[in-house]
Amino acid sequence: MESILHFFYTNKEAIFIIALTIFLGLEVISNVPSVLHTPLMSGANAISGVIIIGGIILVGHADLSNLSDGGHLANLILGIFALLFGTLNVIGGFVVTDRMLEMFKKKKK
Amino acid sequence: MEPLFENITNGDIILEFSYLLSAIFFVVGLKLLSHPETARRGNLWAAGGMLLAMVTTMVLHRDGGGSKIQTGNLAIILAAIALGGVVGAIIARRIKMTAMPQLVSFFNATGGAASALVALIEFSNPDNQSALVTLLGLVIGSIAFSGSMIAYGKLDGKVKDIFARWMTYVNLLILAGILFLLFYVLFGQMPPETKQILVYLLLAVSLVYGVSFVMPIGGADMPVVISLLNSLTGIAAAMAGFIYQNQAMILGGIFVGAAGMILTLLMCKAMNRSLINVIVGAFGGGAAGVDKEKGTVKEVSVNDAAVMLYYSSKVVIVPGYGLAVAQAQHVCNEMVKLLEANGVEVKFAIHPVAGRMPGHMNVLLAEADVSYDKLVEMDEINPQLPDTDVVLVIGANDVVNPAAEDDPSSPIYGMPIIRTHTAKNIIVMKRGMGKGYAAIENYLFFDDKTRMLFGNAKDSLQKLVTEIKNL
């Protein structure tokens, strides 16, 4: 229990922001025509690939001089996989969303 | 300029500022994405925000000891991004439009996997003080990963629905197990080795839960599940953001999580069901419904159908998944053009959950060059149907089933439908007399005004086009 309270206190700004972001998310999405549900879902999916930043930090600060240690090497490899997956999510997600929307554009002339 | 604070470089400040910009780009991007005219620009905004955050992180991020990312590490990062980027772009470019829902689900799985991996690695990092969010990221990311993979398999026809009452209880049990393990790892006293093993166990159980949670959910509810899993991936990314105190990750993740959640609820609303009902009470094929007087099914020849359509003044087409699987959208538009050349007014009635994803039909028809303004949403088209001469239902079933309105025992009772049974004539194109995705009898097919045109949608439309040309 104490660690939860501690977590709340140390992250209070972030938690404030989160509470407001949730409302922002609700506000931005409501009143979307169902035509756009799929591209929107796909676009949001690409944004959730922001985990890629975590992958960059992880691999970026991995200690490359100490790889003979099995644990370090395993972590580096897992980190590279996280980065690969994250990139797939981000690049694939944005490209596929653009492809869906390209079609709407063509007809809107 | 001199540094403002001790131990904080200008680079750190620029980095945080770039995260703020990225977060704003995400919000503006998603806002623009929700209007047809600006949608494409919105996607670019969001992508721009992501690129900005990635580049500034690579150049400016410093670890706890104050050192920046070294050249060797940067090379690995760039190589991984290049590889992932090329593969992702190729898959995204080459995929058929009909396979779009699977692909979104697959990309969502990769995002979940990335979050779970980051959390797994960070848990063993002694500098990491936030065990709670790390474990939450691990659990949520794993569920999103395995759940999305199953959703992908189902949409791709590789995984079949399995549903039994007891699965609901098993799922609740697994969920309770996850919560117990989570608290035990957080608060229990144990040597680090034991803790590490329990974390692997937690990972395994979460993966199993993702599978068992999506497994019993019927295909018709898949859009809702994908949207929900999408929301989970966002939350998992935000949890990982907490580990690094990274504002771009926290904001982006939570924002997507909230947006995904509201999208999920909007979809549930379109089907007039609650989220709980979708998750727990998967459509049992067993709900028999009242045995009404069925009447007989009346077939129509291609020739007669062509004549009916060609000499109408108003035709409404209701496309469904059958149109998508048969890849018939192009032929369909060809027929529409022929009809319009004869002065027939043609519109498409789009049910919010037609196809395998909301808006799926719009994307497919847009691909076939069907003009955007011909696509009419359900609420708008329903009042126009009574003075529509012919409604042509192509491979849609449950979304036009009148049982949703007049049979309280039907599992889809209460779901808003396209009221095709109010039109003057109905032609239903269907492969056979099989039941729809929800496995419910459709009384529309037995209606006196209904004529059935059996066969693969593409073949039938092709024949119709030929016939119409000969008229």
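What does chain B average in pLDDT, and what share of the residues score at least 70? Chain B averages 85, and 92% of the residues reach that score. If the term is new to you, pLDDT is the predictor's confidence in each residue, from 0 to 100.

So, hi everyone. This is a predicted model, where local features need pLDDT of at least 70, side-chain atom pairs count only at pLDDT 80 or more, and totals for chains, interfaces and linings use all residues. Residues are numbered from 1 along each chain as its sequence is written, chains are lettered from A and ligands numbered from 1 in the order in which they are written, and side-chain values use heavy atoms, with hydrogens and water left out.

Let's stay with confidence for a moment. In chain B, helix α10 (residues 275–280) is lowest with a mean of 75, while α2(B) is highest at 94. Helices here are DSSP runs of H or I, at least four residues, numbered from the N terminus. Over residues 283–292 of chain B, pLDDT stays under 50. Chain A averages 83, with 91% of the residues scoring at least 70.

Chain B also has a domain assignment: domain 1 is 98–282 and domain 2 is 302–470. Those bounds come from an automatic or database assignment. The C-alpha centres of the two lie 37 Å apart.

Okay, on to where the chains touch. Contact, meaning heavy atoms within 4.5 Å, takes in 106 residues from chain B and 79 residues from chain A. Together the chains bury about 8,300 Å², 77% of it on carbon and sulfur atoms. Buried area is the accessible area (1.4 Å probe) that two parts lose on being put together, summed over both. On the chain B side, B:Arg40, B:Ile121 and B:Tyr372 lose the most area to chain A, together 8% of what that side buries.

Which elements of chain B give two or more residues to the side that touches chain A? They are α1, α2, α3, α4, α5, α8, α9 and α14 of chain B. The largest share, 16 residues, comes from α9(B).
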